[in-house]
Amino acid sequence: MAKSGYQRLKQWRERVSTGEQLPKCKICDRPIKGKLSVERGVCSYCFPKTDEGSKANIQAVKRHRTKGV
């Protein structure tokens, strides 16, 4: 089930109060929240700028264009 904004805020406040630090992006130093982003070490904003991200974007565009054929 999806979490409400209140639940997310409550969890965030608990993490802050315990002093838990979120991992930071290698490029822009934003806190990383998602599982994939943590594995990559780059936030979702900076991922398309990386080599791996640009390749993934090209593959996604190709998949989208060949879908209707």
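A pocket, found on a 1 Å grid over the protein atoms alone, is an open set of points where a 1.4 Å probe fits, with protein on both sides within 12 Å along at least five of seven lines, and its lining residues have an atom within 4 Å of a point. The model shown here is predicted, so local features need pLDDT of at least 70 and side-chain atom pairs pLDDT 80 or more, while totals for chains, interfaces and linings use all residues. Residues are numbered from 1 along each chain as its sequence is written, and side-chain values use heavy atoms, leaving out hydrogens and water.

**View 1. The largest pocket and its lining.** Here you can find Lys3, Arg8, Gln11, Trp12, Arg15, Leu22 and Lys33 around the largest pocket. Its volume is about 170 Å³, counted as the space filled by probe spheres set on grid points joined across faces, edges and corners.

**View 2. Helix α1 and the glycine that follows.** Helix α1 covers residues 5–18 and reaches 20 Å from its first C-alpha to its last, close to the 20 Å expected (1.5 Å times one less than the number of residues). Just after α1 comes Gly19, with a positive phi of about 85 degrees.

**View 3. The protein from end to end.** The C-alpha trace spans about 50 × 30 × 15 Å along its principal axes. Buried residues, those under 20% relative accessible area with a 1.4 Å probe and protein chains only, make up 13% of the 69 residues.

Key
Helix = DSSP H or I, 4+ residues; strand = E, 2+ residues; numbered from the N terminus. Buried < 20%, exposed > 50% of the residue type's maximum accessible area, 1.4 Å probe, protein only.
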